[in-house]
Amino acid sequence: MISAILRAFRTPDLRSKLLFTLAIVAIFRLGSFIPAPFVDYGNVQKCLAQTQNTSGLYELVNLFSGGALLQLSIFALGIMPYITASIITQLLRVVIPHFETLHKEGQSGQATLTQYTRYLTIALGVLQSTTLIAVARQGALFGADCVLPILTDSSPLGVGVMVLTMTAGTGLIMWLGELITERGVGNGMSLLIFTSIASRFPASLTSIAEQKNIETLLLVLAVGVVVVGLVILVEQSQRRIPVQYAKRMVGRRTYGGQSTYIPIKVNMAGVVPVIFASSLLYLPALIAQFNQPDANGKVADWVSWVSQYLTKGDHPLYMALYFLLILGFTYFYVAITFNPEEVSDNMKQYGGFIPGIRAGRPTTEFLEYVLSRITFPGAIYLGLIALIPLIAFSLIGANQNFPFGGTSILIIVGVGLETVKQINAQMQQRNYEGLLK
């Protein structure tokens, strides 16, 4: 493995791509520690030391920002606005016919959709940074664990400067990610998310060792190895549907006649259903935060119910709702991203057919049947992986940023596998052995 990495760095053009990617990653991590204007860095660090648990959407955004959210840095929002904008753009293809038309136009249409995604990212950056600063002004960012003032200037001008800075940080992150995609190795946005999550692993493991003992840490590491192995197994698993193309004569040339397959992954939805479920579950808690007690200091019954059942991940009701939402969103997202009728029409247009299945409607029905059967284990798998941090929180008292589970392990493994494949392919093009034998 070490010799393979050395071979990669000995190749001039691949070495320049790897060094460029590492330089962008270093800039991204540096920005995560630079506080935004009018943020009391000392008080923020004290609050972080006093606060052990974050929950709901804050946990997710803080995870994707590499801890920059709760530090109120210039990169506090991380890559989350871009992820949200990309998901919204995909969903709008179902609702707005113009978006679907652009998607089918090829490279020019994809460029237009990318531009829409950028604009939406900036708009979401403004909205999310305004919400974050409003929560920080109210002292609710760290909950009741810390009441220290973390903003030195809460005037409209100060708030405007902070919103502008964080939104500009989001735009800069988006640009850095696109630079990696164009001039580096791998998908830039995915690598930045990978970096943010991986940077929290040492702190999470150290926290477990300090709060518990070395035996618990070793147990967590053993569980982590097993979970990573299972995730790699499932992420690489796919159902290959054979497709045969009929021979056809065009002039004096014969086209077609080859065999191929349609790969349908067990986990086609990726990590998106987990993000959807986390966001939706956090909405009641977010609404409850803005409900003020009455004159007697009593809060509404529904606020108490939400605080008791929907804010702590160790409650069985929270776990059950989380699991069911992930199952539902998995089917929903797969139905949006994979259209059996469109695949069937494309096969029919180019003379392709599945052996034993007639072209047209029977092919569509067969693809729908296979998709429904393979999505079920994929949804169960996503739900179980997402519950690992919550179960760990209940059993060993580790905070909910448990490193080996949920969105973190899915992204770490997925991005790692894709990046290694790209490096491997580039090395093989230069007549070297691949990165992995």
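User: How far apart are E418 and K421 in helix α18?
Analyst: E418 and K421 are 3 residues apart in helix α18 (residues 406-429), so about one helical turn separates them. Helices here are DSSP runs of H or I of at least four residues, numbered from the N terminus. This is a predicted model, in which local features need pLDDT of at least 70 and side-chain atom pairs pLDDT 80 or more, while totals for chains, interfaces and linings use all residues. Residues are numbered from 1 along each chain as its sequence is written, and side-chain values use heavy atoms, leaving out hydrogens and water.

User: What do E418 and K421 form?
Analyst: The two form a salt bridge, with the closest N and O atoms 4.0 Å apart. The term means a side-chain nitrogen of Lys or Arg within 4 Å of a carboxyl oxygen of Asp or Glu.

User: How many salt bridges does the structure hold?
Analyst: It holds 4. Among them, R118 pairs with E178 at 2.9 Å between the closest N and O atoms. That pair links distant parts of the chain, 60 residues apart: R118 is in helix α8 (residues 107-137) and E178 in helix α9 (residues 156-183).

User: Is E178 buried or exposed?
Analyst: E178 is buried, because its relative accessible area is 18%. Buried means under 20%, exposed over 50%, and partly exposed in between (1.4 Å probe, protein chains only). R118, at 27%, counts as partly exposed.

User: Changing topic, where does S73 lie?
Analyst: S73 lies in the loop between α5 (68-71) and α6. S73 is buried, at 1% relative accessible area.

Methods:
Helices (H or I, at least four residues) and strands (E, at least two) are DSSP runs, numbered from the N terminus.
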